Amino acid sequence: MKHQKNSFLFICAVMFLFGSATLFALLNIEPAHATALSNLDSSAEAAAAPATANTAVKAAKTTNVPAPKSWKGYVTADAKPFLNVRTAAWGKIVDALKPGAAVTVVDASGDWYIIDTGSALRYVYKKYISKKKPEAPKPPAYAVWTGYVTADAKPYLNVRNKAWGTITGQLKPGAAVKVINKSGDWYILEGNKYVYARFITKSKPAAPAASTSWTGYVTADVLNVRSAPWGNKVTTYSRGTAVKVMAKEGDWYRIDASGKKLYVHSSYISRTKPAAGGSSGGSSGGSSGGGSFGGRPVAGGRISSYYGYRKDPFGSGATKFHSGVDYAVGGGTSVKSLGPGKVVYAGWGTGYGNYVKIQHDNGYVSYSAHLRSCSVKTGQRVGQGTEVGKVNSTGSSTGNHLHFELRKNGQSVNPASIKGVLL
Ligand SMILES: [Zn+2]
(Lines give C-alpha, C1' and ligand atoms only; values in the text may rest on other atoms or scores of the structure.)
Protein backbone atom coordinates (compact mmCIF):
# COMPACT_ATOMS: atom_id res chain seq x y z
CA MET A 1 0.00 0.00 0.00
CA LYS A 2 2.88 2.18 0.68
CA HIS A 3 3.83 1.87 -2.97
CA GLN A 4 0.31 2.60 -4.12
CA LYS A 5 0.15 5.67 -1.95
CA ASN A 6 3.45 6.87 -3.43
CA SER A 7 2.12 6.29 -6.91
CA PHE A 8 -0.95 8.39 -6.16
CA LEU A 9 1.21 11.23 -4.89
CA PHE A 10 3.31 10.92 -8.01
CA ILE A 11 0.25 11.33 -10.20
CA CYS A 12 -0.86 14.37 -8.28
CA ALA A 13 2.55 15.89 -8.70
CA VAL A 14 2.36 15.26 -12.44
CA MET A 15 -1.02 16.94 -12.59
CA PHE A 16 0.36 19.91 -10.73
CA LEU A 17 3.41 20.16 -12.95
CA PHE A 18 1.66 19.82 -16.26
CA GLY A 19 -1.14 22.14 -15.34
CA SER A 20 -4.75 21.57 -15.98
CA ALA A 21 -4.81 22.63 -19.65
CA THR A 22 -2.13 20.11 -20.50
CA LEU A 23 -3.89 17.45 -18.55
CA PHE A 24 -7.22 18.20 -20.21
CA ALA A 25 -5.52 18.23 -23.56
CA LEU A 26 -4.19 14.81 -22.71
CA LEU A 27 -7.65 13.78 -21.70
CA ASN A 28 -9.00 15.16 -25.01
CA ILE A 29 -11.43 17.52 -23.33
CA GLU A 30 -11.75 21.09 -24.55
CA PRO A 31 -10.16 23.38 -21.95
CA ALA A 32 -13.02 25.87 -21.92
CA HIS A 33 -15.56 23.37 -20.77
CA ALA A 34 -13.20 21.60 -18.50
CA THR A 35 -12.29 24.79 -16.70
CA ALA A 36 -15.90 25.77 -16.39
CA LEU A 37 -16.30 22.51 -14.61
CA SER A 38 -13.33 23.18 -12.38
CA ASN A 39 -14.76 26.54 -11.38
CA LEU A 40 -18.12 25.22 -10.42
CA ASP A 41 -17.53 25.41 -6.70
CA SER A 42 -16.18 28.94 -6.49
CA SER A 43 -17.83 31.02 -9.22
CA ALA A 44 -20.97 33.00 -8.57
CA GLU A 45 -22.03 32.28 -12.11
CA ALA A 46 -21.42 28.62 -11.70
CA ALA A 47 -25.08 27.90 -11.24
CA ALA A 48 -25.90 29.29 -14.63
CA ALA A 49 -22.87 27.72 -16.23
CA PRO A 50 -22.96 24.28 -17.77
CA ALA A 51 -22.85 21.70 -15.03
CA THR A 52 -20.47 19.33 -16.70
CA ALA A 53 -18.04 19.32 -19.50
CA ASN A 54 -20.31 17.20 -21.59
CA THR A 55 -23.38 19.32 -21.08
CA ALA A 56 -21.34 22.41 -21.70
CA VAL A 57 -20.29 21.07 -25.05
CA LYS A 58 -23.86 20.11 -25.73
CA ALA A 59 -25.12 23.56 -24.66
CA ALA A 60 -22.54 25.32 -26.74
CA LYS A 61 -23.42 23.22 -29.73
CA THR A 62 -27.13 23.84 -29.36
CA THR A 63 -26.70 27.61 -29.05
CA ASN A 64 -24.04 27.75 -31.70
CA VAL A 65 -25.54 25.66 -34.44
CA PRO A 66 -28.71 27.66 -35.05
CA ALA A 67 -26.78 30.55 -36.52
CA PRO A 68 -29.55 33.21 -36.25
CA LYS A 69 -28.99 33.40 -32.52
CA SER A 70 -25.37 34.40 -32.84
CA TRP A 71 -24.45 38.00 -33.53
CA LYS A 72 -21.47 40.10 -34.14
CA GLY A 73 -20.26 42.30 -31.33
CA TYR A 74 -17.35 44.62 -30.78
CA VAL A 75 -15.09 45.24 -27.84
CA THR A 76 -15.91 48.71 -26.56
CA ALA A 77 -13.40 51.54 -26.45
CA ASP A 78 -13.39 51.64 -22.64
CA ALA A 79 -12.09 48.05 -22.39
CA LYS A 80 -8.60 49.31 -21.67
CA PRO A 81 -6.04 48.19 -22.35
CA PHE A 82 -7.59 44.85 -23.17
CA LEU A 83 -10.65 42.82 -22.57
CA ASN A 84 -9.88 39.56 -20.85
CA VAL A 85 -11.06 36.46 -22.59
CA ARG A 86 -11.71 33.74 -20.10
CA THR A 87 -12.35 30.12 -20.19
CA ALA A 88 -15.46 30.69 -18.09
CA ALA A 89 -17.14 33.37 -16.01
CA TRP A 90 -14.21 34.63 -13.91
CA GLY A 91 -12.30 31.73 -15.38
CA LYS A 92 -8.74 31.56 -16.47
CA ILE A 93 -7.58 34.40 -18.75
CA VAL A 94 -6.49 32.79 -21.99
CA ASP A 95 -6.55 35.71 -24.37
CA ALA A 96 -7.02 39.46 -24.60
CA LEU A 97 -8.94 41.50 -27.14
CA LYS A 98 -8.21 45.06 -28.12
CA PRO A 99 -10.97 47.68 -28.16
CA GLY A 100 -12.75 47.49 -31.50
CA ALA A 101 -12.08 43.77 -31.99
CA ALA A 102 -14.99 41.85 -33.46
CA VAL A 103 -16.41 38.85 -31.66
CA THR A 104 -19.13 36.35 -32.47
CA VAL A 105 -21.50 36.14 -29.54
CA VAL A 106 -23.30 32.84 -29.37
CA ASP A 107 -24.88 32.98 -25.95
CA ALA A 108 -25.12 34.85 -22.70
CA SER A 109 -24.66 33.75 -19.17
CA GLY A 110 -25.36 36.24 -16.39
CA ASP A 111 -22.93 39.13 -16.78
CA TRP A 112 -21.04 37.23 -19.46
CA TYR A 113 -21.26 36.68 -23.15
CA ILE A 114 -20.09 33.43 -24.57
CA ILE A 115 -18.16 34.00 -27.76
CA ASP A 116 -17.09 31.59 -30.44
CA THR A 117 -13.47 32.18 -31.39
CA GLY A 118 -13.67 29.64 -34.16
CA SER A 119 -11.77 27.10 -32.16
CA ALA A 120 -13.32 27.46 -28.73
CA LEU A 121 -16.11 29.05 -26.73
CA ARG A 122 -14.88 31.78 -24.41
CA TYR A 123 -16.30 34.14 -21.87
CA VAL A 124 -16.06 37.93 -22.01
CA TYR A 125 -17.64 40.42 -19.66
CA LYS A 126 -20.93 41.74 -21.18
CA LYS A 127 -20.32 45.34 -20.25
CA TYR A 128 -17.44 45.54 -22.73
CA ILE A 129 -19.22 44.16 -25.76
CA SER A 130 -21.36 46.38 -27.95
CA LYS A 131 -23.40 45.62 -31.06
CA LYS A 132 -22.29 48.94 -32.46
CA LYS A 133 -18.98 49.06 -34.24
CA PRO A 134 -16.82 51.65 -32.53
CA GLU A 135 -15.44 54.38 -34.73
CA ALA A 136 -11.81 54.02 -35.50
CA PRO A 137 -9.92 56.43 -33.30
CA LYS A 138 -8.97 59.36 -35.53
CA PRO A 139 -5.44 60.66 -35.51
CA PRO A 140 -5.33 64.09 -33.92
CA ALA A 141 -6.30 66.58 -36.64
CA TYR A 142 -3.48 68.77 -37.85
CA ALA A 143 -4.34 72.42 -37.40
CA VAL A 144 -3.88 73.95 -40.83
CA TRP A 145 -1.88 77.17 -40.80
CA THR A 146 -0.51 79.72 -43.21
CA GLY A 147 3.24 79.90 -43.47
CA TYR A 148 5.72 81.85 -45.52
CA VAL A 149 8.82 80.88 -47.41
CA THR A 150 11.79 82.28 -45.51
CA ALA A 151 14.12 84.86 -47.04
CA ASP A 152 17.07 82.45 -47.01
CA ALA A 153 15.32 80.03 -49.36
CA LYS A 154 17.35 81.40 -52.25
CA PRO A 155 16.69 81.70 -55.05
CA TYR A 156 13.72 79.39 -54.65
CA LEU A 157 12.28 76.77 -52.37
CA ASN A 158 11.76 73.49 -54.17
CA VAL A 159 8.32 71.94 -54.06
CA ARG A 160 8.33 68.15 -54.31
CA ASN A 161 5.75 65.44 -54.75
CA LYS A 162 7.05 63.70 -51.61
CA ALA A 163 9.99 63.91 -49.20
CA TRP A 164 13.06 64.17 -51.44
CA GLY A 165 10.77 63.36 -54.35
CA THR A 166 10.55 64.91 -57.79
CA ILE A 167 10.66 68.70 -57.89
CA THR A 168 7.29 69.86 -59.14
CA GLY A 169 7.56 73.58 -58.55
CA GLN A 170 9.36 76.44 -56.84
CA LEU A 171 8.29 79.07 -54.35
CA LYS A 172 9.85 82.49 -53.99
CA PRO A 173 10.93 83.79 -50.58
CA GLY A 174 7.92 85.43 -48.93
CA ALA A 175 5.38 83.27 -50.75
CA ALA A 176 2.42 82.27 -48.59
CA VAL A 177 1.66 78.57 -48.24
CA LYS A 178 -1.05 76.56 -46.49
CA VAL A 179 0.52 73.88 -44.31
CA ILE A 180 -1.83 70.96 -43.87
CA ASN A 181 0.49 68.46 -42.19
CA LYS A 182 4.01 67.60 -41.19
CA SER A 183 6.03 64.53 -42.06
CA GLY A 184 9.48 64.37 -40.51
CA ASP A 185 11.52 67.31 -41.77
CA TRP A 186 8.87 68.16 -44.34
CA TYR A 187 5.72 70.20 -44.38
CA ILE A 188 2.90 68.97 -46.52
CA LEU A 189 1.14 71.79 -48.29
CA GLU A 190 -2.31 72.00 -49.78
CA GLY A 191 -2.38 69.78 -52.84
CA ASN A 192 -0.05 67.24 -51.19
CA LYS A 193 3.10 69.18 -52.03
CA TYR A 194 6.20 68.72 -49.90
CA VAL A 195 8.57 71.49 -48.88
CA TYR A 196 11.50 71.38 -46.51
CA ALA A 197 10.15 72.56 -43.14
CA ARG A 198 13.20 74.66 -42.26
CA PHE A 199 12.32 77.14 -44.99
CA ILE A 200 8.78 77.80 -43.82
CA THR A 201 8.06 80.27 -41.05
CA LYS A 202 4.86 81.29 -39.32
CA SER A 203 5.76 84.97 -39.27
CA LYS A 204 5.14 86.91 -42.41
CA PRO A 205 8.43 88.29 -43.67
CA ALA A 206 8.73 91.85 -44.84
CA ALA A 207 7.96 91.90 -48.53
CA PRO A 208 11.20 91.56 -50.41
CA ALA A 209 12.04 94.95 -51.85
CA ALA A 210 12.80 93.57 -55.27
CA SER A 211 9.27 92.39 -55.82
CA THR A 212 7.66 95.80 -55.28
CA SER A 213 10.13 98.25 -56.73
CA TRP A 214 9.61 99.85 -60.10
CA THR A 215 11.38 102.26 -62.34
CA GLY A 216 10.03 105.78 -62.59
CA TYR A 217 11.16 108.82 -64.52
CA VAL A 218 11.55 112.40 -63.39
CA THR A 219 9.01 114.65 -65.07
CA ALA A 220 10.24 117.95 -63.61
CA ASP A 221 13.06 119.96 -65.11
CA VAL A 222 14.88 119.94 -61.80
CA LEU A 223 13.67 117.63 -59.08
CA ASN A 224 14.83 117.95 -55.51
CA VAL A 225 15.96 114.70 -53.96
CA ARG A 226 15.67 114.68 -50.18
CA SER A 227 16.87 112.67 -47.21
CA ALA A 228 13.28 112.30 -45.96
CA PRO A 229 9.83 113.64 -46.87
CA TRP A 230 10.44 117.39 -46.66
CA GLY A 231 13.93 116.56 -45.40
CA ASN A 232 17.26 118.03 -46.43
CA LYS A 233 17.93 118.41 -50.11
CA VAL A 234 20.62 115.91 -51.01
CA THR A 235 20.83 116.40 -54.77
CA THR A 236 18.72 117.16 -57.81
CA TYR A 237 17.67 115.04 -60.77
CA SER A 238 16.98 116.35 -64.23
CA ARG A 239 13.98 115.48 -66.39
CA GLY A 240 13.98 111.93 -67.65
CA THR A 241 16.25 110.58 -64.92
CA ALA A 242 15.30 107.00 -64.06
CA VAL A 243 14.72 106.31 -60.37
CA LYS A 244 14.17 103.02 -58.54
CA VAL A 245 10.97 103.52 -56.55
CA MET A 246 10.83 101.24 -53.51
CA ALA A 247 7.70 102.42 -51.72
CA LYS A 248 5.22 105.24 -51.39
CA GLU A 249 5.15 107.11 -48.11
CA GLY A 250 2.37 109.64 -48.16
CA ASP A 251 2.95 111.91 -51.17
CA TRP A 252 6.56 110.78 -51.39
CA TYR A 253 8.36 108.00 -53.12
CA ARG A 254 11.19 106.33 -51.28
CA ILE A 255 13.82 105.61 -53.88
CA ASP A 256 16.92 103.46 -53.89
CA ALA A 257 19.77 105.69 -55.11
CA SER A 258 22.71 103.30 -55.41
CA GLY A 259 21.82 101.75 -52.08
CA LYS A 260 20.93 105.06 -50.39
CA LYS A 261 17.40 105.66 -49.17
CA LEU A 262 16.22 109.00 -50.59
CA TYR A 263 12.90 110.68 -51.24
CA VAL A 264 11.28 112.45 -54.17
CA HIS A 265 7.83 113.91 -54.41
CA SER A 266 5.49 111.51 -56.19
CA SER A 267 4.01 114.30 -58.33
CA TYR A 268 7.21 114.45 -60.37
CA ILE A 269 7.68 110.78 -61.08
CA SER A 270 5.98 109.02 -63.95
CA ARG A 271 5.91 105.33 -64.77
CA THR A 272 6.25 106.15 -68.43
CA LYS A 273 9.53 107.29 -69.85
CA PRO A 274 9.33 110.84 -71.13
CA ALA A 275 10.02 111.39 -74.81
CA ALA A 276 13.70 111.63 -75.67
CA GLY A 277 14.99 115.16 -75.32
CA GLY A 278 12.13 116.11 -73.04
CA SER A 279 10.11 119.24 -73.56
CA SER A 280 12.30 121.52 -71.55
CA GLY A 281 13.77 124.19 -73.75
CA GLY A 282 10.90 123.91 -76.11
CA SER A 283 12.38 121.75 -78.84
CA SER A 284 9.83 118.97 -78.81
CA GLY A 285 6.77 120.23 -76.97
CA GLY A 286 3.56 118.95 -78.48
CA SER A 287 5.22 115.99 -80.09
CA SER A 288 2.36 113.60 -79.28
CA GLY A 289 0.01 114.84 -81.93
CA GLY A 290 -1.00 117.66 -84.15
CA GLY A 291 -1.56 121.20 -83.03
CA SER A 292 0.62 123.28 -80.80
CA PHE A 293 0.28 125.74 -77.98
CA GLY A 294 0.69 129.40 -78.41
CA GLY A 295 0.39 132.44 -76.18
CA ARG A 296 -1.16 132.96 -72.78
CA PRO A 297 -4.52 131.75 -71.59
CA VAL A 298 -5.40 135.26 -70.37
CA ALA A 299 -4.32 138.68 -71.43
CA GLY A 300 -2.71 141.01 -68.91
CA GLY A 301 -2.48 140.64 -65.17
CA ARG A 302 0.39 138.98 -63.35
CA ILE A 303 1.34 135.53 -62.17
CA SER A 304 0.40 135.22 -58.52
CA SER A 305 1.59 131.68 -58.05
CA TYR A 306 3.93 129.44 -60.03
CA TYR A 307 3.91 125.70 -60.42
CA GLY A 308 5.55 123.84 -57.56
CA TYR A 309 5.72 123.93 -53.79
CA ARG A 310 4.39 126.96 -52.05
CA LYS A 311 3.03 128.03 -48.73
CA ASP A 312 -0.60 127.02 -48.34
CA PRO A 313 -2.57 130.06 -49.57
CA PHE A 314 -5.33 129.22 -47.07
CA GLY A 315 -3.06 129.94 -44.11
CA SER A 316 -2.50 126.45 -42.69
CA GLY A 317 1.22 127.19 -42.61
CA ALA A 318 1.94 123.94 -44.44
CA THR A 319 3.92 123.72 -47.63
CA LYS A 320 1.65 122.55 -50.41
CA PHE A 321 2.16 121.50 -53.93
CA HIS A 322 0.63 123.79 -56.55
CA SER A 323 -0.14 121.85 -59.68
CA GLY A 324 -0.61 124.82 -62.01
CA VAL A 325 0.05 128.48 -62.64
CA ASP A 326 -2.20 131.22 -61.24
CA TYR A 327 -2.83 134.30 -63.34
CA ALA A 328 -4.21 137.15 -61.24
CA VAL A 329 -6.57 139.04 -63.54
CA GLY A 330 -9.82 140.88 -63.22
CA GLY A 331 -13.15 139.10 -62.94
CA GLY A 332 -14.76 138.48 -66.31
CA THR A 333 -11.47 138.29 -68.20
CA SER A 334 -11.73 135.96 -71.17
CA VAL A 335 -9.85 132.65 -70.90
CA LYS A 336 -8.57 131.24 -74.21
CA SER A 337 -7.57 127.79 -75.28
CA LEU A 338 -3.85 127.58 -75.94
CA GLY A 339 -4.26 125.07 -78.74
CA PRO A 340 -6.68 122.84 -80.63
CA GLY A 341 -8.46 120.03 -78.82
CA LYS A 342 -11.71 118.64 -77.52
CA VAL A 343 -13.55 119.75 -74.39
CA VAL A 344 -13.85 116.66 -72.20
CA TYR A 345 -15.53 118.50 -69.33
CA ALA A 346 -17.09 121.89 -68.75
CA GLY A 347 -18.81 122.39 -65.44
CA TRP A 348 -18.47 122.36 -61.69
CA GLY A 349 -15.83 120.50 -59.74
CA THR A 350 -14.93 120.51 -56.07
CA GLY A 351 -11.97 122.81 -55.51
CA TYR A 352 -11.81 123.89 -59.12
CA GLY A 353 -15.21 125.56 -59.09
CA ASN A 354 -16.38 126.02 -62.66
CA TYR A 355 -13.70 124.64 -64.92
CA VAL A 356 -12.98 123.51 -68.45
CA LYS A 357 -10.89 120.45 -69.21
CA ILE A 358 -9.56 120.11 -72.74
CA GLN A 359 -7.84 117.13 -74.31
CA HIS A 360 -5.45 118.85 -76.67
CA ASP A 361 -4.36 117.35 -79.93
CA ASN A 362 -0.72 117.54 -78.85
CA GLY A 363 -1.33 115.10 -76.01
CA TYR A 364 -1.60 117.52 -73.09
CA VAL A 365 -4.71 118.05 -71.03
CA SER A 366 -5.43 121.58 -69.81
CA TYR A 367 -7.52 122.71 -66.86
CA SER A 368 -8.82 126.25 -66.60
CA ALA A 369 -10.32 126.70 -63.17
CA HIS A 370 -12.22 129.06 -60.83
CA LEU A 371 -14.26 130.35 -63.80
CA ARG A 372 -17.34 132.49 -63.44
CA SER A 373 -18.82 130.59 -66.36
CA CYS A 374 -17.88 128.11 -69.05
CA SER A 375 -18.12 129.31 -72.64
CA VAL A 376 -17.85 125.82 -74.15
CA LYS A 377 -19.69 122.56 -73.71
CA THR A 378 -18.43 119.07 -73.05
CA GLY A 379 -17.61 117.33 -76.32
CA GLN A 380 -17.02 120.53 -78.24
CA ARG A 381 -13.96 121.03 -80.45
CA VAL A 382 -11.92 124.14 -79.78
CA GLY A 383 -9.09 125.84 -81.64
CA GLN A 384 -6.21 127.99 -80.49
CA GLY A 385 -7.69 131.19 -79.07
CA THR A 386 -11.24 129.88 -78.56
CA GLU A 387 -12.75 131.40 -75.43
CA VAL A 388 -13.43 128.63 -72.91
CA GLY A 389 -14.74 130.74 -70.01
CA LYS A 390 -14.49 133.88 -67.92
CA VAL A 391 -12.40 134.50 -64.84
CA ASN A 392 -13.84 134.51 -61.35
CA SER A 393 -13.09 132.98 -57.97
CA THR A 394 -15.33 129.92 -57.79
CA GLY A 395 -14.21 126.83 -55.88
CA SER A 396 -11.19 126.94 -53.55
CA SER A 397 -9.92 130.39 -54.40
CA THR A 398 -8.98 133.50 -52.49
CA GLY A 399 -9.69 135.99 -55.26
CA ASN A 400 -10.25 136.49 -58.96
CA HIS A 401 -7.67 134.50 -60.87
CA LEU A 402 -7.23 131.77 -63.43
CA HIS A 403 -5.72 128.52 -62.25
CA PHE A 404 -4.19 127.03 -65.37
CA GLU A 405 -2.92 123.47 -65.22
CA LEU A 406 -1.42 121.11 -67.77
CA ARG A 407 -1.18 117.35 -67.41
CA LYS A 408 0.43 114.62 -69.40
CA ASN A 409 -0.31 110.93 -68.72
CA GLY A 410 -2.23 111.98 -65.64
CA GLN A 411 0.71 113.82 -64.11
CA SER A 412 0.79 117.57 -63.79
CA VAL A 413 3.64 119.29 -65.58
CA ASN A 414 5.14 122.73 -65.24
CA PRO A 415 3.45 124.84 -67.93
CA ALA A 416 6.57 126.97 -68.06
CA SER A 417 8.46 124.01 -69.51
CA ILE A 418 6.01 123.37 -72.34
CA LYS A 419 6.73 124.74 -75.76
CA GLY A 420 4.46 127.55 -76.83
CA VAL A 421 3.13 128.35 -73.38
CA LEU A 422 3.88 131.89 -72.33
CA LEU A 423 3.53 132.90 -68.76
ZN1 LIG B 1 -3.92 127.66 -58.72
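These are legends for a set of close-up views of one predicted model.

**Figure 1. The whole chain, before zooming in.** This predicted model has four helices and 33 strands. Out of 423 residues, 38% count as buried. Take the contacts with a separation of 6 or more, and 57% of them come from residues 24 or more positions apart.

Figure 2. Three residues supply the donor atoms here: H322 through NE2, D326 through OD and H403 through ND1. Their distances to the zinc ion run from 1.9 to 2.3 Å. Written as a sequence spacing, the donor residues read H-x3-D-x76-H. H322 sits in strand β24 (residues 319-322) and H403 in strand β32 (residues 402-408), so these two histidines tie together parts of the chain that are 81 residues apart in sequence. Are H322 and H403 buried or exposed? Both of them are buried.

**Figure 3. The largest pocket.** How much space lies in the largest pocket? The figure is about 520 Å³. Its lining is made of 23 residues, and R310, P313, H322, S396 and H403 are the ones nearest the centre. Strands β22 (302-305), β24 and β32 each give two or more residues to that lining.

**Figure 4. The largest nonpolar core.** This core has 39 residues, and those with the most contacts inside it are L223, Y237, I255, I269, L402 and L406. Domain 3 (213-270) and domain 4 (284-417) both contribute residues, so the core lies between the two. Apart from this one lies another core, of 14 residues, including A153, L157, V177 and V195.

**Figure 5. I269 and what surrounds it.** I269 is one of the residues with the most contacts inside the largest core. Which residues does I269 contact once its neighbours within four places in sequence are left aside? The list is W214, G216, Y217, V218, T219, L223, V243, V245, Y253, V264 and Q411. L223 from that list is another of the residues with the most contacts inside the core.

**Figure 6. S368, a buried serine in a strand.** S368 belongs to strand β29 (residues 365-374). Its relative accessibility is 4%, so S368 counts as buried. Leaving aside neighbours within four places in sequence, S368 is in contact with V335, N354, Y355, V356, V388, L402, H403 and F404.

Figure 7. A176 is in strand β11 (residues 176-183). Why does A176 count as exposed? Its relative accessibility is 53%, and the cut-off for exposed is over 50%. Not counting residues up to four places away in sequence, A176 touches T146, G147 and Y148. A176 and T146 are 30 residues apart along the chain, with 6.6 Å between their C-alpha atoms.

**Figure 8. Two cis peptide bonds.** The bond from K80 to P81 is cis, with omega near -10°, and P81 is in the loop between β1 (71-75) and β2 (83-86). The bond from K154 to P155 is cis as well, with omega near -5°. P155 is found in the loop between β8 (145-149) and β9 (157-160).

Figure 9. Most residues other than glycine have a negative phi. W164 has phi near 55° and lies in the loop between β9 and β10 (167-171). With a relative accessibility of 60%, W164 counts as exposed. For N192, phi is positive at about 60°, and its loop is the one between β12 (186-189) and β13 (193-196). N192 is partly exposed, with a relative accessible area of 48%.

**Figure 10. D361 in its loop.** D361 lies between β28 (353-360) and β29, in the loop that joins them. Its relative accessible area is 29%, so D361 is partly exposed. D361 and G339 are 22 residues apart in sequence, and C-alpha to C-alpha they are 7.8 Å apart in space.

Definitions and conventions:
Residues are numbered from 1 along each chain as its sequence is written. This is a predicted model: local features need pLDDT of at least 70, side-chain atom pairs count only at pLDDT 80 or more; totals for chains, interfaces and linings use all residues. Side-chain values use heavy atoms; hydrogens and water are left out. A nonpolar core is a set of buried Ala, Val, Leu, Ile, Met, Phe, Trp, Tyr and Cys residues joined through side-chain atoms within 4.5 Å. Buried means under 20% relative accessible area, exposed over 50%, partly exposed in between (1.4 Å probe, protein chains only). Domain bounds come from an automatic or database domain assignment. Contact means heavy atoms within 4.5 Å. Donors are N, O and S atoms within 2.8 Å of the metal (3.2 Å for Na, K and Ca); water is not among the atoms, so sites may look incomplete. On a 1 Å grid over the protein atoms alone, a cavity is a set of points where a 1.4 Å probe fits but cannot get out, and a pocket is an open set with protein on both sides within 12 Å along at least five of seven lines; lining residues have an atom within 4 Å of a point. Grid points are joined across faces, edges and corners, and a volume is the space filled by probe spheres set on the points.
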